[in-house]
Every structure is written in C-alpha cells, then in structure tokens.
Amino acid sequence: MNKETVLTGITTTGTPHLGNYVGAIRPAIAASKNSHLSPFYFLADYHALIKCQQPELVRQSSLEIAATWLALGLDTSNAVFYRQSDVPEIMELTWMLTCVTAKGLMNRSHAYKAVVAENETGKSQDSDKGVTMGLFSYPVLMAADILMFNAHQVPVGKDQIQHIEMARDIANRFNHLYGEHFILPKAVIDSNSATLLGLDGRKMSKSYHNTIPLFAPEKKLRKLINKIKTNSLEPGEPKDPDNCTLFSTYQAFASTSEVDEIRKLYADGIAWGEMKARLFEQVNEQVYPARERYQALLEDPKHIEAELLAGAKKARAISQPFIQQLRKAVGISAISI
Ligand code: TRP
C-alpha cells in the first residue's frame with residue numbers, strides 16, 4: 001500500500017512558543033512516529049527571507065527550530081527532516097511554477113491583500129508600499145515546497161488554507177499543460193489540536209507579543225505563567241473554567257481526568273495563585289525532559305547539522321530525478337541527438 005505523504009514547513013523567524021507546540025509541533029511529532037504515513041517536515045528558510053532581513057535571526061531561528069523538533073523526539077527514521085535551502089530543486093520548480101501562475105491568482109492572496117489594504121487606509125500614495133516580489137509570489141514558493149514531494153496532506157493553520165488551494169490551482173494548470181505530474185494536495189486542519197491563548201487572553205502569537213517560549217528556563221516559565229491574565233474573583237468564589245486562559249492552557253497539557261478534577265476546583269473557588277502554580281507544574285512536567293535535550297543539542301550544533309544533511313539527502317533522492325522529469329516535460333532537457 002502506498003503511504004500518504006504529509007508535508008509541512010516551519011518558517012525560520014522566531015523561537016517556538018507553547019502555542020506552536022500544542023497547535024503544530026506536537027501533532028507533527030506524533031505523526032512522525034506513524035509508520036503508515038510518510039512525513040516531510042522542513043525549515044522554510046527561503047520563506048524566512050520574505051519577512052526577515054536579519055541574517056543572524058534567520059540563522060538562530062533555524063538552529064532553535066531544528067533543535068526543538070529533535071529534542072521533542074521527532075522520528076527521523078520515518079520522517080524526512082530537512083532545510084528547504086538544501087534542496088535547490090525546490091527553487092528550480094518555483095520558477096517553472098511561476099511561469100504557469102496567473103498574476104491575477106496572486107492578486108487574490110490574503111497576505112498580499114492585507115498589506116495593500118493597510119497601505120490604502122494610511123497616508124501612503126503607494127498601495128504596494130513594502131510589498132516585495134517575494135511577498136507577492138510567496139504562494140508559488142509554497143506550492144513548489146508541496147508539489148516537489150507530491151504531498152497528499154498538508155497540515156496547516158487556518159490562515160494557510162488559501163495557499164494550499166492556490167497550490168492545487170497551480171498544479172492543475174501545470175498538469176493541464178505538461179501532463180499529469182502533480183498530485184493535488186489537501187489542507188488538513190487538526191481538529192484535536194488546541195489553539196492556545198496568550199498572556200493577554202488573545203490567541204498566542206508572535207505578532208501579539210503574548211507568547212510563552214516552549215523552552216523558557218523553569219524560573220522564566222513560572223514567571224510568565226504568573227503573568228497570564230485572569231479576572232479579579234477572590235479565593236473561595238466559584239469560577240468559570242470555560243472562559244479562562246489558565247483552564248484552557250491546562251486542558252492542552254492534561255488528561256481528561258486531570259481536567260475534570262480542575263473543573264471541580266473551579267466550582268469550589270480555587271485561588272488564581274494556586275491555579276497558576278498547578279498550571280506551571282503541569283506544563284513543566286511535560287516539557288522539562290525535552291528542555292534538557294534541547295539545551296544539550298544547542299551545545300552540539302554539529303549533530304543538528306548532520307541530521308539536517310541526512311534529511312536533505314533523502315529529500316534529494318526524490319527531488320533530483322523528479323526535477324529531471326519536469327525539465328523534460330517543459331522542454332529544457334538536453335538536446336537529443
Ligand atoms: N507559509 C507557512 C507558514 O507561514 C510555512 C510553509 C512554507 C509551509 N512552506 C510550506 C507550510 C509548505 C506547509 C507547506 O506557516
């Protein structure tokens with residue numbers, strides 16, 4: 001039986017936080033151990049260049065993200081774990097796809113339209129202010145990431161669904177022109193994975209500056225958890241678990257029976273200080289073994305590099321012959337004499 005290929009990319013701009021962990025990393029690590037799947041996970045460092053022109057930050061983020069995934073027990077014997085820039089065929093495919101992608105399709109991209117809308121509400125005369133060609137055509141790069149490995153499933157957040165639909169459109173167009181080379185990918189939204197709330201009660205997100213780093217040192221983790229916003233109900237007053245950031249965060253790290261127990265404590269009026277202490281214990285219990293491995297890995301970057309190169313080798317065993325096939329299909333292979 002042919003395994004389903006599952007593929008997802010992680011843009012290397014920033015340090016993974018608890019929201020990334022619960023929403024994307026944890027389910028992906030679990031899938032890496034599923035021998036019925038063929039998972040591909042990669043550091044999207046070309047994507048990082050779109051948003052971040054600080055080389056040190058991109059480098060540091062690549063290191064931290066790779067270390068995070070390895071520390072959490074990513075099974076690299078089943079999953080292919082690589083750095084996008086180590087697979088140059090992706091760039092070559094990006095150009096082939098760019099040449100069959102309608103500009104009008106890119107005009108409709110939410111990410112691009114959001115910037116234009118922002119410019120138009122401001123004083124700027126130029127609605128394309130700050131829009132690079134990288135930002136504009138970023139869905140084509142993402143399509144190349146996906147189509148290079150003929151992924152069936154692409155686990156992503158809701159904000160990325162449109163990009164997967166665009167990848168399908170682009171694949172369709174290419175197949176129509178040059179023959180059936182690409183499988184049409186599907187976005188998968190994991191309904192079991194939780195969306196974590198941040199310190200201020202909004203969705204935990206780097207852009208809101210309300211995150212808790214996944215591998216914050218213990219002291220820092222406790223401090224940040226203590227900062228999570230609550231209402232001003234006193235100890236002894238019954239509290240509503242269903243509109244509470246502390247509770248929903250706890251839920252993302254606990255079994256059903258543990259959650260039921262906490263629910264009772266809410267009804268009995270648990271003090272916020274006590275709940276924060278319990279939440280800290282719960283989260284820390286789950287992350288500390290990986291945090292130790294993470295620290296050890298950061299001190300051994302050679303090991304991380306070796307893992308990534310081994311992943312790239314596996315990826316290129318697929319991408320190299322496939323790009324030859326595609327070159328031939330579009331008419332840029334060697335002249336046959
Ligand atoms: N654009 C995605 C994000 O910002 C990251 C990404 C890049 C990706 N290439 C991908 C996700 C391919 C899935 C498939 O989250």
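**The ligand shell and its setting**

Modeller: By class, the shell around the ligand comprises 8 nonpolar, 5 polar and 1 charged residues. The model is a predicted one, and every value below is computed from it. In all, 14 residues surround the ligand, and the closest are Gly9, His47, Tyr138, Asp145 and Gln160.

For His47, an N or O atom of the side chain is 3.3 Å from a nitrogen atom of the ligand. For Tyr138, a polar side-chain atom lies 2.9 Å from a ligand nitrogen atom. For Asp145, the separation between an N or O atom of the side chain and a nitrogen atom of the ligand is 2.7 Å. The ligand taken alone exposes 360 Å², of which the protein buries 88%. Strand E1 (4-11), strand E2 (37-44) and helix H8 (138-148) are the elements that give two or more residues to the shell around the ligand.

Strand E1 can be followed through Leu7, which is placed in that strand. Leu7 has a relative accessible area of 1%, under the 20% limit, and therefore counts as buried. Its C-alpha atom is separated by 8.2 Å from that of Phe42, although Leu7 and Phe42 are 35 residues apart along the chain.

Beyond helix H8, the loop between H8 and strand E4 (153-155) holds Asn150. Asn150 is not a glycine, yet it has a positive phi of about 45°. Its relative accessibility is 16%, so Asn150 counts as buried. A second residue with such a backbone angle is His209, with a positive phi of about 50° although His209 is not a glycine either. His209 is found in the loop between strand E5 (186-188) and helix H10 (218-226). Because its relative accessible area is 73%, over the 50% limit, His209 is classed as exposed.

Gln162 belongs to helix H9 (residues 161-178). With a relative accessible area of 14%, Gln162 is buried. What does the side chain of Gln162 reach? The side chain of Gln162 comes to 2.8 Å from the backbone oxygen of Arg108.

At least three residues of the core come from each of domain 1 (4-194 + 301-330) and domain 2 (215-296).

Helix H14 (residues 301-330) contains Phe322. Phe322 has a relative accessibility of 9% and so counts as buried. The C-alpha atoms of Phe322 and Glu89 are separated by 8.8 Å, while the two residues stand 233 residues apart along the chain.

To return to the request, the shell around the ligand draws two or more residues from each of strand E1, strand E2 and helix H8, and the side chains of His47, Tyr138 and Asp145 each bring a polar atom to a nitrogen atom of the ligand. Within this setting, Leu7 of strand E1 is buried, as is Asn150 in the loop between H8 and strand E4.

Definitions and conventions. Residues numbered from 1 in each chain as written. Predicted model: local features only at pLDDT ≥ 70, side-chain atom pairs only at ≥ 80, totals over all residues. Heavy atoms only, no water. Near = heavy atom within 4 Å. Polar contact = N/O pair within 3.5 Å; in protein donor to acceptor, adjacent residues only side chain to side chain. Areas by Shrake-Rupley, 256 points an atom, 1.4 Å probe, with all protein chains shown as cover. Helix = DSSP H or I, 4+ residues; strand = E, 2+ residues; numbered from the N terminus. Nonpolar A, V, L, I, M, F, W, Y, C, P; charged D, E, K, R; others polar. Domains from an automatic or database assignment. Buried < 20%, exposed > 50% of the residue type's maximum accessible area, 1.4 Å probe, protein only.
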